[in-house]
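Here is a short briefing for a first look. Keep the sequence and the 3D view open while you read.

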Amino acid sequence: MLCNISFSVFFFLLIPSLLLAASPFPHGGKATMKLTKPGSKTGAADLLSSKRYEGSSDFVHLRYHMGPVLSSPINLYLIWYGPWPAALQAPLRDFLLSLSDPSSPAPSVAQWWSTVTLYSDQTGANVSRQVNVAAEAHLPGLSRGNSLSRLGVQHVIADALAARAVPVDHGRGAYLLLTAPGVTVQDFCRAACGFHYFTFPSLVGHTLPYAWVGHSGVQCPDVCAYPFAVPTYMAGVGAMRPPNGDVGIDGMVSVLAHEMAELSTNPLVNAWYAGEDPTAPTEIADLCEGVYGSGGGGGYTGQVSKDEMGRSYNMNGRNGRKFLVQWVWSPALKACRGPNALD
Ligand SMILES: *[C@@H]1O[C@H](CO)[C@@H](O)[C@H](O)[C@H]1NC(C)=O
């Protein structure tokens, strides 16, 4: 809906047959990577909402495809590409460190993560509750330029490994490439706000799960930082105030959360997803795009909170921070779920 009104009409007419077969969103050519699509308000949850649970539906057949999940304690390696002010890094780092921090008050980021840990693989191992930020690489010099192709993202990861800024960590490592406000990435703002996949031995020397997320603040906040910015055609819908004071960063937090949930439950793109097409899988966060609270769906974020400054959020993290993060699909409820659910 955010990228093109006609998509929602198209989508509406063809559910449920189309829903599981393909995504109507543009994938920008061959969809060889899992994308977080812009226009994130038009997830399956919008179309299949029930009164009982947001997005609950018998039409969603999330399936397990026999591959592994990230079941060992997860070591995150952050790769900051381009000029990144420290003040902008801090909320993102705090969000990631909050995933396994049980000390934040409810509703918490750790409670949000507990829905992701409900997923297990054929060995009976669940997604790990423990997520660490193990090391960080800072590449302010734009060694691969100001405009990355999709494969360029893997080249940057290869550079960080070659420079020993981050180690090769088989089994536990997940690599997060975070591009600074001015850096453009192929399909960013058009087909993707973020994506996850795994690196190729031919480019990086190893098969390692990774995700990329970009700061959309100056490039396309109305596409990738909704609901902190809204497109002009959505007249009458007011933008929410970002809880950490930066539209691009607060939008990035939810996209990062989306990618973390999918990277962990589908790291090699052969574990948990719906649909028959592995080149365009519908994963656990795709099913709940645009849903941030009870009643969410169909263009409404759902019930969220406001702090004393009028900034919107739905969960708490470490250092007293607040975040607004989309919900994810619960395999137990067969519906979207988040820690701020009212029921
Ligand atoms: C592990 O996954 C199973 C389902 O596969 C679930 O029933 C169980 O609650 C999960 N355990 C934790 C600790 O989340």
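In β6, which residue is the bridge partner of Leu 78? It is Leu 176. This is a predicted model. The points below start with the strands around that pair, then turn to helices and a ligand.

**Strand β6**
- Strand β6 covers residues 173–179.
- Seven of its seven residues are buried, so β6 is largely enclosed by the rest of the structure.
- Gly 173, Tyr 175, Leu 177 and Thr 179 point one way from the strand. Ala 174, Leu 176 and Leu 178 point the other way.

**Strand β3**
- Strand β3 spans residues 74–81.
- It is mostly covered, with eight of its eight residues buried.
- Ile 74, Leu 76, Leu 78 and Trp 80 lie on one side of β3. Asn 75, Tyr 77, Ile 79 and Tyr 81 lie on the other. Both faces are covered.

**How the strands pair**
- β3 and β6 pair in the parallel sense over seven bridges.
- Besides the pair in the opening question, Leu 76 stands opposite Ala 174 in β6.
- β6 also pairs with strand β9, residues 209–214, in the parallel sense. Five bridges link these two.
- Leu 176 has Ala 211 as its bridge partner in β9. Leu 176 is also the partner of Leu 78.
- β3 runs parallel to strand β4, residues 131–139, and eight bridges join them.
- In β4, Asn 132 stands opposite Asn 75.

**Phe 195**
- Phe 195 sits in strand β8, which covers residues 194–198.
- Is Phe 195 buried or exposed? It has 26 C-beta neighbours inside 10 Å. The cut-off for buried is 20 or more, so Phe 195 counts as buried.
- Phe 195 and Leu 256 are 61 residues apart in sequence. In space, they are 9.2 Å apart, C-alpha to C-alpha.

**Helices α4 and α9**
- Helix α4 is residues 86–98, and helix α9 is residues 247–265.
- Their axes come within 10 Å and cross at roughly 25°.
- Angles under 35 degrees count as roughly parallel. α4 and α9 are therefore roughly parallel to each other.
- The crossing of α4 past α9 is right-handed.

**Around the ligand**
- Which residues surround the ligand? They are Thr 117, Leu 118, Ser 120 and Asn 126.
- The shell holds one nonpolar residue and three polar ones. It has no charged residue.

Note on methods. Residues numbered from 1 in each chain as written. Predicted model: local features only at pLDDT ≥ 70, side-chain atom pairs only at ≥ 80, totals over all residues. Helix = DSSP H or I, 4+ residues; strand = E, 2+ residues; numbered from the N terminus. Buried ≥ 20, exposed ≤ 12 C-beta atoms within 10 Å, placed from the backbone. Pairing = 2+ DSSP bridges. Near = placed C-beta within 6 Å. Nonpolar A, V, L, I, M, F, W, Y, C, P; charged D, E, K, R; others polar. Axes fitted to C-alpha atoms, helices over the stretch in contact; angles between N-to-C directions. Parallel < 35°, antiparallel > 145°, perpendicular 65-115°, else oblique. Left-handed = near helix turned anticlockwise from the far one by under 90°.
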